[in-house]
Amino acid sequence: MNEVSNKDSFVLDANTFAKLHPKEFYRKFLTNNIRPDGRLLKKFRKTSINLNSLKSAEGSCVLKMGKTSVVCGIKAEVAEPRVDDPRKGYIVPNVELSPICSSIFKPGPPGELAQSISERIDKLFKQCKIIDLDKLCISEKNAVWVLYIDVICLSYDGNIFDAALYSIISALKSLKLPEVTFIEEEGKAEASKEKTISLELLSIPLSATYVVFDDKYVLADPNEEEENLSSTSITFIYNEEHKLCGISKLGGIPLSSELIQDCMSSAIERTDSLRELLESTLQRN
Amino acid sequence: MANEVLREDKRTNSQLRPISSVLSSLNRADGSASFSFGNSSVLCSVYGPQEVKIKDELLDRATVEVNITPQIGIGSTTEKNMERIVREAFSDVIITSLHPRTSISITVQITQDEGSIISTIINAVSLALIDAGIPLRSTLLSVTCAVQEDGVILLDPSNEEIKNATSTHVFAFSNTSNDIISSESTGTFSEEEYFKCADICKLAVSSVLKFVHSAIEHKLQKEQKN
């Protein structure tokens with residue numbers, strides 16, 4: 001008798017349960033204040049950066065944040081300045097999310113997420129003075145630097161905005177531009193091979209992202225699964241003076257100001273620790 | 001309030017531009033609305049629930065598609081970013097689980113952009129969704145504000161005011177909750193400024209809500225007469 005009833009009672013193993021009832025699976029962990037990947041709720045994934053590993057780029061950064069990894073390369077080119085801003089160089093940020101990093105992205109022209117992140121980063125650079133664009137000028141009306149900032153995602157596991165922004169800032173910090181003189185008679189720019197100059201950043205804005213699961217659990221640095229299961233997400237961008245450079249909360253459920261304030265203090269801590277990591281990596285190089 | 005410095009268009013700092021809207025202006029759409037804050041105006045059409053492309057089909061809910069076309073030319077990354085903001089803002093407002101395996105398609109044409117365009121779009125989409133009879137959890141409405149260098153907060157800023165501002169904040173609130181549904185802040189600002197802007201926008205949203213109510217009442221009265 002006993003044997004028969006055992007066969008009847010249907011028991012799922014953990015992996016099957018997670019696939020069939022992902023939300024319930026998460027709830028079982030979150031009620032114990034831990035996430036399925038072993039992190040505490042407000043714990044960010046282990047982040048590491050490697051500067052100047054691309055030899056063909058003027059500045060580069062390989063970043064790993066848990067299973068998310070991105071490469072950022074900055075190519076500098078000399079170009080004619082725009083007519084309306086003859087003394088200013090310009091930057092062209094671009095984020096690429098191709099099928100290389102995850103099956104959720106399809107080949108072809110950049111999708112909405114990639115375009116949206118590129119736009120956000122472009123806006124951030126335009127509205128919060130990060131680079132002094134006047135410093136990118138080689139000769140007024142004749143030649144300026146153009147920085148093509150390309151971020152390519154190699155492995156996508158959520159929180160791509162934080163990863164992209166941190167890799168861009170790190171790559172900019174490691175950027176070495178050759179010293180260039182503009183020869184007026186010939187109308188061309190000549191680069192010196194030995195001397196390089198690095199670019200000074202006016203501020204170092206970095207971001208921290210949180211998602212809210214089930215209206216009450218705030219999870220920092222979500223992975224892909226957590227992003228899909230959560231009911232809203234919020235991103236904070238803080239500069240080194242602890243001033244905000246952007247907040248974006250994308251739809252979903254409403255968030256109370258207490259919850260937002262709670263995230264803010266955690267975001268300050270996180271962005272500070274990222275800046276420390278960047279400084280110590282720079283000193284080692 | 002008499003000695004308050006007026007803005008370029010003779011508004012006070014906490015005054016919205018005149019709001020206007022037309023419901024059901026498009027013949028073939030399931031629902032449509034135009035909405036404008038002063039000279040910023042958009043036209044929005046809603047189709048749905050209708051057949052969905054196989055690759056977009058979701059088994060447990062309807063797919064919401066948002067398309068935004070600028071005044072001139074084809075959409076760039078700016079419009080793509082706005083599409084994402086608008087779609088995410090309505091993701092929890094539209095009760096998509098009622099119509100699984102269908103699509104709700106929202107198309108927005110910007111007819112004039114004189115600042116605060118994301119807010120104008122969100123309000124137009126809300127009205128068009130109501131007009132189309134799509135089941136909604138709440139009415140989502142949005143207002144933008146800009147912080148000037150001297151800390152003065154201007155409600156519903158024009159393009160010129162946004163250009164001179166240190167930060168711009170777009171907030172969306174629903175009529176069923178006091179908390180922020182969607183927020184998009186750019187520029188450099190402090191935490192106090194953020195929450196102050198949220199409070200100011202929340203107050204302004206309630207006056208937009210009053211307008212929306214009267215616009216719908218007006219439309220229903222007209223329909224009953226016919």
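A salt bridge is a side-chain nitrogen of Lys or Arg within 4 Å of a carboxyl oxygen of Asp or Glu. Over all chains, this structure holds 31 of these salt bridges. Keep in mind that you are looking at a predicted model. The predictor gives the complex an ipTM of 0.93 and a pTM of 0.93. For chain B, the average pLDDT is 94, and 98% of the residues score at least 70.

**Stop 1: a salt bridge in chain A**

Select A:Asp157 and A:Arg45. They form a salt bridge, with the closest N and O atoms 3.7 Å apart. Now trace the chain around each partner. A:Asp157 lies in the loop between strand S6 (143-155) and helix H5 (160-173). A:Arg45 lies in the loop between helix H3 (22-30) and strand S1 (47-51). The pair therefore ties together parts of chain A that are 112 residues apart in sequence.

The cut-off for buried is under 20% relative accessible area.

**Stop 2: across the chains**

Select B:Glu184 and A:Arg120. Their side chains meet in a salt bridge, 3.2 Å from N to O. B:Glu184 lies in strand S9 (residues 182-189) of chain B, and A:Arg120 lies in helix H4 (residues 112-127) of chain A, so this pair joins two chains. B:Glu184 counts as buried at 8% relative accessibility. A:Arg120 is buried too, with a relative accessible area of 11%.

**Stop 3: a salt bridge in chain B**

Move on to B:Asp156 and B:Arg11. The salt bridge between their side chains spans 3.8 Å, N to O. How many residues apart in sequence are the parts that this pair ties together? The answer is 145. B:Asp156 sits in the loop between strand S7 (153-155) and helix H3 (159-163), while B:Arg11 sits in the segment before strand S1 (19-23). Both residues are buried.

Next, select a whole group: A:Arg35, A:Asp37, A:Arg39, A:Arg45, A:Asp157, A:Asp221 and A:Glu226. Salt bridges that share partners join these residues into one network.

**Stop 4: the aromatic rings**

Over all chains, the structure holds 13 aromatic pairs. Select A:Tyr210 and A:Phe236. Their rings pair edge-to-face, 6.1 Å centre to centre, with 65 degrees between the planes. A:Tyr210 is in strand S9 (residues 206-213) and A:Phe236 is in strand S11 (residues 232-238), so the pair ties together parts of chain A that are 26 residues apart in sequence. A:Tyr210 counts as buried at 0% relative accessibility. A:Phe236 is buried as well, with a relative accessible area of 0%.

Then go to B:Phe35 and B:Phe37. This aromatic pair is edge-to-face: the centres are 5.3 Å apart and the planes make an angle of 85 degrees. B:Phe35 counts as buried at 1% relative accessibility. B:Phe37, at 1%, counts as buried too.

Return to chain A and select A:Phe17, A:Phe25, A:Tyr26, A:Phe29 and A:Phe213. Ring pairs link these residues into a cluster.

**Last stop: a charge over a ring**

Finish with A:Arg82 and A:Tyr90. What sits over the ring of A:Tyr90? It is the charged end of A:Arg82, 4.0 Å from the ring centre.

Definitions and conventions. Residues numbered from 1 in each chain as written. Chains lettered and ligands numbered in written order. Predicted model: local features only at pLDDT ≥ 70, side-chain atom pairs only at ≥ 80, totals over all residues. Heavy atoms only, no water. Phe/Tyr/Trp six-rings, centres within 6.5 Å; stacked < 30°, edge-to-face > 60°. Helix = DSSP H or I, 4+ residues; strand = E, 2+ residues; numbered from the N terminus. Buried < 20%, exposed > 50% of the residue type's maximum accessible area, 1.4 Å probe, protein only. Lys NZ or Arg CZ within 6 Å of the ring centre and 35° of its normal. pLDDT = per-residue confidence, 0-100.
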